[in-house]
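Good morning, and thank you for joining this meeting. I would like to walk you through one structure, beginning with a helix and moving on to a sheet and the cores.

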Amino acid sequence: MAHVHRAPFIVPALTKHTATVIMAHGLGDNGAGWMSLAQNWRRRGKFDEVAFIFPNAPMIPITVNFGMTMPGWYDITKLGRDLDFEEALRSQDEPGILRSRDYFNTLIKEQVEKGIKPSRIVIGGFSQGGAMSLFTGITNKEKLGGVFGLSCYLLLSDKIKNYIPEDYPNKKTPIFLAHGTDDNIVPYAFGSASSKTIKELGIDNVEFHSYPGLDHGAEPDEINDLEIFLQKNFQLLANHTVTIYAHNRHPKMALNDAVAISGFFVNGLFRHPLDFYSSVGPTLSELTFGLCGESFVPERDIGDLTGKVVFVTGGNTGLGKETVFQLAHHQPSRIYLAARNEDKAREAMTSIQDNFASPVDIRYIPLDLTSFKSIQAAAKQFTEDCDRLDILILNAGVMGSPAITTEDGFEIQMGTNHIGHFLLTKLLLPTLQETVASAIPAPDVRVVTVASLAYTLCTPSKVMMPTSALLEASTWTRYGASKAANIIFAAELARRYPDILSVSVHPGMVASELYERARAVNPVLGTALVAAGSIFFRSVRSGALNQLWAAGAKRNLLTNGAYYAPVGIQGTRNEYATNEEMGKRLWEWTEEQIGEILAAAETK
């Protein structure tokens, strides 16, 4: 018997489509039955970048309906409050379940072919639709963004292990379960037992919500909890430039951000005064229009770079672009400009080149630090093109991002600023070491990590938090954790590879695109930045001085593993730079996090 699916109902994204929710209906219903949910979110300005797909089940004979046909994802032979869970397991329509799973997978594949990453697809549903979504999500070959099930249970739970891929891509995928205590169709015990079984499968990221007095249906509190789950796992990401509407911000999170921003200034003024006073506001040179105050002048103080190869991440804009521009004046053999946006990278290369009478060898390398695949491809491209690397500047970063994850499942600020750069550095280490070995008369290979005074927003205990816990922290605690990790990493790299000069630097508070993007996604920060911008910020040119100093000043002026405030002021009491045990733990923790993802990818 052919199983025909009518075309799904679709509520399209209002802005650029970057994510998809597939929500399946229950027995006897159709896709239109849940469309009002998406339409309500639309009216309230929620999930504008998300497309909602409401598939229609085929018409099939249903045993409990006396064999008559009705919309169903699989046949049901028994139903009701008194049904035993073990008995239900013995009477499941396995062929029908697998048939519907294949259809759900087709819907997912169609979204991927449209350019939506699997990690940006959430699948869920109600009753039968929820049960199918749980089974499809857990057994899927792609790492999905999330799974939710309302008033449902786990299908084929006694044999589901047979259908889970060996690499278990959805072991860490967040799952939301909701069930009414008075459900007379799918007993509450089914939902509770399913939650337990899912956890026994090794999936820890499971939420189980109970709703007293609710029968086989939905209620406002349940829908609100689902909305929070989706917000937490989506946060409207579009090419990693996020738009969050002010009225969507959770008041507690907004308050936490405001407290963090205030704490940053208080901490700076009273606990880290040297860092603070050297980092905020226009420089003395800027205030005096260049008449005094510059102890480091790139044109004068950067040494000859003839024959040297430079690699700069995020070199297409802001500090990275200024760094490439200044280093290009000192005759390097080649500069690699690594960035995610090729158009901006090409524009930057052209604008830099326009300032030179003769060609400068600047080469573009595509690099998205939120994607291990992209990082591996960038390292491969570089090593195939070049056999030496003298200066690696880890400049790229994100700031003030909402609680979202990278393609590989890490909190986006930690994943981009630290973990992505860690992996890139590890992949380039053989080339760095070969350059050290071939150096005559003495090696001068450097890795400069752009950190921030924002490390003060984080305590050591929060640097290596699990992603789920980090996502619950405030925006600025998360950013501070990533910047603390930068400092720890730079110091540990110096300990493990002492022939390589590795330091971390704070550029100061700079009026760069990084702050502009943070302003766009964070209304609290936006207000603070408008008020403080002219007082606390310095130019991009001044902001780049510290990393230029670290990259090009005489080697004997720098201490390996140190952290520097601008320009060249060593933070001798910075615990993140001096704590060897912390450095060892972060290095091993990061290797373990990366290893799990890469091992899973290799088995695919």
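**An enclosed helix**

Helix H20, residues 545-552, has eight of its eight residues buried, so it is largely enclosed by the rest of the structure. Buried here means under 20% relative accessible area, with exposed over 50% and partly exposed in between, using a 1.4 Å probe and protein chains only. Among the buried residues of H20 are Leu545, Trp549 and Gly552.

Please note that this is a predicted model, in which local features need pLDDT of at least 70, side-chain atom pairs count only at pLDDT 80 or more, and totals for chains, interfaces and linings use all residues. Residues are numbered from 1 along each chain as its sequence is written, and side-chain values use heavy atoms, leaving out hydrogens and water.

The chain contains 22 helices and 19 strands. These are DSSP runs numbered from the N terminus, helices being H or I of at least four residues and strands E of at least two. Of the 604 residues in the chain, 58% count as buried.

Let me turn to the sheet. Seven strands form an open sheet with mixed pairing, in the order S1-S3-S2-S6-S7-S8-S9. Strands S1 (9-11) and S9 (206-211) stand at the edges with a single partner strand each, so one side of each has no neighbour in the sheet. Two strands pair if DSSP finds at least two bridges between them. S1 pairs with strand S3, residues 50-54, in the antiparallel sense over three bridges, and isoleucine 10 stands opposite isoleucine 53 in S3.

Which strands does helix H4 lie across? Helix H4, residues 128-139, lies across S2, S6, S7 and S8. Helix H5, residues 188-200, lies across S8 and S9.

Finally, the cores. A nonpolar core is a set of buried Ala, Val, Leu, Ile, Met, Phe, Trp, Tyr and Cys residues joined through side-chain atoms within 4.5 Å. The largest has 53 residues, of which Phe311, Phe382 and Val463 touch the most other members. Helix H14, residues 412-438, supplies the largest share of this core, nine residues. Beyond its neighbours within four places in sequence, valine 463 has contacts (heavy atoms within 4.5 Å) that include Met414, Ile488, Tyr576 and Leu586. A second, separate core has 39 residues, including Ala24, Ala57, Ile138 and Leu154.

Note on methods: Axes are lines fitted to C-alpha atoms, for helices over the stretch in contact, and angles run from 0 to 180 degrees between N-to-C directions.
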